[in-house]
Amino acid sequence: MELAIFLMASALSIAASILVIIQRNPIASVMYLLTSFVSQVILFIMLNAAFLAMLQIIVYAGAILVLFLFVIMLLNLRREDFGKDIKLKFKPLAIAFAVVLLFETTVAISSSAMLERAQAQLPPEFGSVQAVGMELFTKYLYPFELTSILLIVAVLGAVVMAKKRL
Amino acid sequence: MLEFAVITGVKAFMVLNVLLLTCAWTTYLERRFLARMQSRIGPNTAGYRGLLTPIADLIKLLFKEDFIPAAAHKPLYLLAPLMAFIPAMLPLAVIPFGSTINLFGREINLVVSDFNLGLLFILAMTSLGIYGIIMAGWSPNSKFSLLGGLRSSAQMISYEIGLGMSLIGVIMLAGTLNLVELVEQQSSILDWYIVKQPVGFVLYLICAFAETNRSPFDLPEAESELVGGYHTEYSSMRFGLFFVGEYANMVTVSAVATTVFLGGWQGPFLPPVLWFVIKCFAFLFFYIWVRGSLPRFRYDQLMKFGWFVLIPIALANILITALFVLL
């Protein structure tokens with residue numbers, strides 16, 4: 001049962017991700033990206049990370065992708081603007097990079113430390129809001145705060161660029 | 001496992017059907033109440049005092065021509081009503097509408113899914129509701145739809161922030177996101193979160209009105225300027241799905257307000273389920289009342305109000321609540 005759900009969700013996620021990049025219509029691409037996110041949510045829930053799953057929907061599906069759609073809609077692309085076929089100038093280079101990345105991922109996943117962690121027993125409160133909050137505000141406090149500063153800087157920068165006469 | 005699946009399935013089926021019926025007859029209630037407020041009579045022909053009007057409406061919608069504009073992006077055009085409809089239905093899955101009952105010797109929880117992150121699940125589904133509106137606005141290739149869709153999605157994104165923030169105060173006091181536990185905490189009227197978090201409740205109320213695109217924030221379908229907003233080009237049952245989705249959103253928002261702020265199914269004398277229904281309908285009546293009394297906002301006023309008034313107040317509310325929790 002669990003295996004079947006995992007296989008279906010991951011297959012859906014991979015298929016949707018591939019469709020995101022081979023689609024020429026940007027709106028359809030965004031919809032496939034949404035599909036991919038939703039199937040990742042299923043995977044998160046199966047990994048006992050329900051909080052992360054909900055955040056994935058609220059932040060990525062609910063906010064970031066909506067902004068993508070917004071921008072694409074405002075650009076108002078016509079169907080002929082999408083282009084017909086994908087021309088890859090750097091095809092050999094792209095293939096080489098893909099192979100290297102695949103190799104690296106395989107090595108990383110099959111390393112003994114990773115396998116050990118995968119088989120470790122989860123604490124009962126794993127993935128709950130409290131547990132994630134404790135980790136964020138104690139162990140990872142500095143990276144967390146630095147990220148928020150980075151985000152604020154980005155927001156301010158965007159506002160300054162967009163509204164010169166404020 | 002099988003027993004659990006069957007019980008959950010039956011509960012989900014019942015909740016879904018009750019929700020759809022509620023939506024149908026809320027339209028009737030709205031038209032009747034609104035007519036009273038405007039010194040009209042309202043629908044009174046089909047059935048006793050017009051009680052069968054929703055059924056007549058449904059039959060009319062089903063038999064109308066299902067029209068697809070020639071320049072439409074067909075897959076998205078067909079998908080949009082479902083994307084607006086389904087997220088509106090889902091949040092009711094985590095809302096407890098009663099305590100436990102004994103049926104055939106089994107203890108049955110009157111909630112479809114006792115999910116630990118219920119409140120977050122509801123917010124997640126609300127944020128998915130935008131897709132239906134954006135897709136409906138873009139796909140028919142029509143000016144009115146596009147403008148309505150843009151307005152509506154900008155409005156929903158802005159007020160979603162306020163909606164989430166207005167609930168944070170309650171979450172901090174309660175220390176849980178589980179709606180079943182949240183209701184159990186509010187056993188007496190002094191424990192209701194409307195008493196402990198009045199500012200949060202008012203914020204939630206305003207944001208909920210904007211989030212469901214209802215007057216005085218019904219700009220997406222400002223008929224005097226935009227014809228019909230994002231569903232201008234839809235006809236037949238596809239339009240019906242948007243319509244039912246909007247009412248389902250209203251019911252959901254009322255149910256969440258009841259659960260989070262008004263003590264859910266808690267109440268004296270009457271059975272819990274009845275209390276839940278009474279509170280929900282009081283909230284729905286308030287919706288209609290406001291529609292009958294307030295004029296529509298202008299678009300820039302709406303945005304300014306959301307960003308410069310509601311969100312700062314919500315932040316201040318969170319800060320003060322946090323101080324209270326700490327001290």
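Here is a short tour of a predicted model, stop by stop, to follow in your viewer.

Before you click: residues count from 1 along each chain as its sequence is written, and chains are lettered from A and ligands numbered from 1 in the order in which they are written. Local features here need pLDDT of at least 70, side-chain atom pairs count only at pLDDT 80 or more, totals for chains, interfaces and linings use all residues, and side-chain values use heavy atoms, with hydrogens and water left out.

**Stop 1: chain A**

Select Q56(A), which sits in helix α3 (residues 50-75) of chain A. Helices (H or I, at least four residues) are DSSP runs, numbered from the N terminus. Is Q56(A) buried or exposed? Q56(A) is buried, at a relative accessible area of 9%; buried means under 20%, exposed over 50% and partly exposed in between, using a 1.4 Å probe and protein chains only. Now show its contacts (heavy atoms within 4.5 Å). Leaving out residues up to four places away in sequence, Q56(A) touches F37(A), Q40(A), V41(A), F44(A) and A61(A).

**Stop 2: helix α4 of chain B**

Jump to residues 118-138 of chain B, which form helix α4. From first C-alpha to last, its 21 residues reach 32 Å, close to the 30 Å expected at 1.5 Å a residue (that is, 1.5 Å times one less than the number of residues). This helix is mostly covered, with 21 of its 21 residues buried.

Zoom in on G118(B), part of this helix. G118(B) has a relative accessible area of 0%, so it counts as buried. Not counting residues up to four places away in sequence, G118(B) touches V94(B), L177(B) and L179(B).

**Stop 3: the rings**

How many aromatic pairs does the structure hold over all chains? There are 16. Rings of Phe, Tyr and Trp (its six-membered ring) pair if their centres lie within 6.5 Å; planes under 30 degrees apart are stacked, over 60 edge-to-face, and the rest tilted.

Pick F243(B) and Y247(B): with centres 5.2 Å apart and planes at 55°, the pair is tilted. They are 4 residues apart in helix α10 (residues 236-260) of chain B, so about one helical turn separates them. F243(B) is partly exposed at 31% relative accessible area, while Y247(B) is buried at 5%.

Last, select F33(B), F209(B), F283(B), F285(B), F286(B), Y287(B) and W289(B), which ring pairs link into a cluster.

Key:
Helices (H or I, at least four residues) and strands (E, at least two) are DSSP runs, numbered from the N terminus.
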